[in-house]
Amino acid sequence: MKIPEAKQYLGRHCAVTYRDRHGDEITKDLHIHDVAFVPLYGAYLIGDIEDVSLERITSISALDG
């Protein structure tokens with residue numbers, strides 16, 4: 001996922017599915033606060049519960065309509 005794609009979800013509640021470091025898929029409901037580029041780590045989706053690397057995200061779906 002690229003930064004412009006992720007920015008469409010800012011301020012929304014979403015179901016975010018991503019792969020952890022072991023390759024297992026995890027889905028969490030997050031309120032998306034920001035999308036940021038972190039030097040040495042890359043682009044991240046900043047949520048209320050967890051931050052997720054955009055490289056690991058497999059799908060996002062909005063939960064708030």
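**View 1. Salt bridges of the predicted model.** Across this predicted model, the structure holds 2 salt bridges. Side chains of opposite charge can pair when their charged atoms come close. In the protein chain there are 7 positive and 11 negative side chains, and the centres of these two sets lie 4 Å apart.

**View 2. The salt bridge between Glu-25 and Arg-19.** Here the side chains of Glu-25 and Arg-19 meet, with a distance of 3.6 Å from N to O. Glu-25 has a relative accessibility of 46% and therefore counts as partly exposed, and Arg-19, at 37%, also counts as partly exposed.

**View 3. The salt bridge between Glu-50 and Lys-28.** The closest N and O atoms of Glu-50 and Lys-28 are 2.5 Å apart in this salt bridge. The pair links distant parts of the chain, since Glu-50 sits in the loop between strand E3 (42-47) and strand E4 (51-53), whereas Lys-28 belongs to strand E2 (residues 25-38), 22 residues apart. Glu-50 is partly exposed, with a relative accessible area of 24%, and Lys-28 is likewise partly exposed, with 29%.

View 4. The protein chain contains 1 helix and 5 strands, which follow one another from the N terminus in the order α-β-β-β-β-β. Its radius of gyration is 11 Å, close to the 11 Å that the globule rule gives for 65 residues, so the chain is as compact as a globular protein of that length. Of these 65 residues, 32% count as buried, while the chain exposes about 4200 Å², of which carbon and sulfur atoms supply 49%.

Key: Residues numbered from 1 in each chain as written. Predicted model: local features only at pLDDT ≥ 70, side-chain atom pairs only at ≥ 80, totals over all residues. Heavy atoms only, no water. Salt bridge = Lys/Arg side-chain N within 4 Å of Asp/Glu carboxyl O. Buried < 20%, exposed > 50% of the residue type's maximum accessible area, 1.4 Å probe, protein only. Helix = DSSP H or I, 4+ residues; strand = E, 2+ residues; numbered from the N terminus. Rg over C-alpha atoms; globule rule 2.2 N^0.38 Å. Areas by Shrake-Rupley, 256 points an atom, 1.4 Å probe, with all protein chains shown as cover. Lys, Arg positive; Asp, Glu negative; His and termini not counted. Charge placed at Lys NZ, Arg CZ, Asp CG, Glu CD.
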